Amino acid sequence: MKTQFILASALAGSVGAFSVSNEQTARRQFLQTTTAAVATTLLTPTLALAEVEVPAQTTEYSFPSDWGLSYNYESDAAKVRAHMVIATGLAKGSDRMEDFGKNLKKEMIDFVSYYRRFPQVAGKPSFSTLYTSINVLAGHYTSYGYKYPLPEKRRKRLYQEYAEIDKSLKRNR
């Protein structure tokens, strides 16, 4: 709804740019219209991503037993994403948090190392977004260790990316 409103406003502003009587007003109107169009373009993805709800951190979860790759991109991407969602939601003091983090980091490295070699996979939107998420989570583990939970701002960004990955995987993209 917000996105439609912004696009309608930008369209209305651009119509006014072409109905000007003198040259100075035309330049001013053109700059205003261009600024509005650029702002709309930059803000639209942010508004679409802002609708993702970030769940509260928890210490209770079921420790996965399906670590590793099956070498089928769709199933591996879904599994890595699911494990990353669990890791993103873990709170300080979660049972076996360090083991979970170590297993996940190995799985993420194996996933990227294997699938980035294939151009037909590396070009998919789901892969590039998952790769970005993997870099964020792996960087957190490298900087802060496996026992420290992710800060709220980073969690929000990751949940937004997980939603994008899920949409892309459902569309086989």
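Predicted model: local features only at pLDDT ≥ 70, side-chain atom pairs only at ≥ 80, totals over all residues.
Which residues line the largest cavity?

The search over the whole structure returns one cavity of 30 Å³ or more, and the space inside the largest cavity comes to about 30 Å³. Its lining consists of Ala87, Leu90, Met97, Phe100, Gly101, Tyr141, Tyr146, Tyr148 and Leu150, which by class amounts to eight nonpolar residues, one polar residue and no charged ones. Helix H4, residues 97-115, gives the most to that lining, with three residues.

Staying with H4, we can look at how it packs against helix H6, residues 125-144: the angle is about 140°, the axes lie 10 Å apart, and the crossing is left-handed. On the H4 side the contact involves Gly101, Leu104, Lys105, Met108, Phe111, Val112 and Tyr115, while H6 brings in Phe127, Leu130, Tyr131, Ile134, Leu137, Ala138, Tyr141 and Thr142. Sorted by class, this contact has 12 nonpolar, two polar and one charged residues. Gly101 and Tyr141, which belong to this contact, are also among the residues lining the cavity.

The second pair is helix H3, residues 73-88, with helix H7, residues 152-170, packed at an angle of about 160° with axes 11 Å apart. Because angles over 145 degrees count as roughly antiparallel, H3 is described as roughly antiparallel to H7. Here, too, the crossing is left-handed. H3 makes the contact through Tyr73, Ala77, Ala78, Arg81, Met84, Val85 and Thr88, and H7 through Arg155, Leu158, Tyr159, Tyr162, Ile165, Asp166 and Leu169, giving 10 nonpolar, one polar and three charged residues.

Notes:
Residues numbered from 1 in each chain as written. Heavy atoms only, no water. 1 Å grid on protein atoms, 1.4 Å probe; cavity = no way out; pocket = protein on both sides within 12 Å on 5 of 7 lines; lining within 4 Å. Points joined across faces, edges and corners; volume = space filled by probe spheres on them. Helix = DSSP H or I, 4+ residues; strand = E, 2+ residues; numbered from the N terminus. Nonpolar A, V, L, I, M, F, W, Y, C, P; charged D, E, K, R; others polar. Axes fitted to C-alpha atoms, helices over the stretch in contact; angles between N-to-C directions. Left-handed = near helix turned anticlockwise from the far one by under 90°. Contact = heavy atoms within 4.5 Å. Parallel < 35°, antiparallel > 145°, perpendicular 65-115°, else oblique.
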